[in-house]
Amino acid sequence: MRSYDKLKDFARALLAGRKTNQGFKIAYRPNEPSVADFDNYCRVVWAAGNGRHKKALKTINEEVAEYGSTEAGKATGYFGKLLRLSRAYGIHTINVFQRGQEVSKTIIDNCEFACIMMQKTPKSAKYLDELTGVPVKEIAELRKFDYILQQGREHTKGKIRW
């Protein structure tokens with residue numbers, strides 16, 4: 001995987017990769033990430049989707065509690081646009097965060113798949129129960145490497161094995 005610390009270089013590589021019609025893996029890792037920088041990254045990803053490409057563009061967004069939104073309400077900017085509209089444009093977002101209370105509700109409400117892992121506090125488990133419908137008891141029972149995979153309203157339990 002190639003990594004870029006300048007958005008302009010990342011954007012150039014992304015558009016070149018999309019022209020090849022093959023799979024590719026690149027990463028954008030700015031030196032000093034910020035909310036504004038993340039929104040600009042999302043703008044570049046948004047521009048690369050058109051809904052007619054034969055392969056979906058997948059973006060993995062890490063630490064979205066830090067950069068994805070300034071509040072836990074509706075996601076704004078290009079990140080919000082990706083969360084609400086991206087599937088129609090051939091973009092799939094994968095969003096990684098540790099605490100559900102710190103991210104936009106748009107992430108959880110609009111996702112097709114959710115993977116819930118061990119929660120440190122009962123309050124965190126209850127919050128995820130309220131947003132996902134997965135019973136708090138099942139969330140609270142999760143231990144290290146256990147997970148609940150939710151698709152739509154259905155969910156199954158599993159364990160990460162090495």
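**Cores and a buried glutamine**

Modeller: Gladly! The largest nonpolar core has 23 residues, and F10, Y41 and F79 touch the most other members. Helices α1 (7-20), α2 (35-48) and α4 (77-85) each supply at least two residues of this core, with α2 giving the most, 7 residues. Another core, of 8 residues, lies apart from it and includes L128, I139, L142 and I148. This is a predicted model: local features need pLDDT of at least 70, side-chain atom pairs count only at pLDDT 80 or more, and totals for chains, interfaces and linings use all residues. Residues are numbered from 1 along each chain as its sequence is written, and side-chain values use heavy atoms, without hydrogens and water.

Biologist: What makes a set of residues a nonpolar core?

Modeller: Its members are buried Ala, Val, Leu, Ile, Met, Phe, Trp, Tyr and Cys residues joined through side-chain atoms within 4.5 Å.

Biologist: Why is Q150 called buried?

Modeller: Buried means under 20% relative accessible area (exposed is over 50%, partly exposed in between, with a 1.4 Å probe and protein chains only). Q150 has 6% relative accessibility, so Q150 counts as buried.

Biologist: What does the side chain of Q150 reach at 3.5 Å?

Modeller: The backbone oxygen of G152. A polar atom of the Q150 side chain also lies 2.8 Å from the backbone oxygen of T132.

Biologist: Which residues does Q150 touch, not counting those up to four places away in sequence?

Modeller: They are E112, F113, A114, T132, V134 and H155, where contact means heavy atoms within 4.5 Å.

How values were computed: Polar contact = N/O pair within 3.5 Å; in protein donor to acceptor, adjacent residues only side chain to side chain. Helix = DSSP H or I, 4+ residues; strand = E, 2+ residues; numbered from the N terminus.
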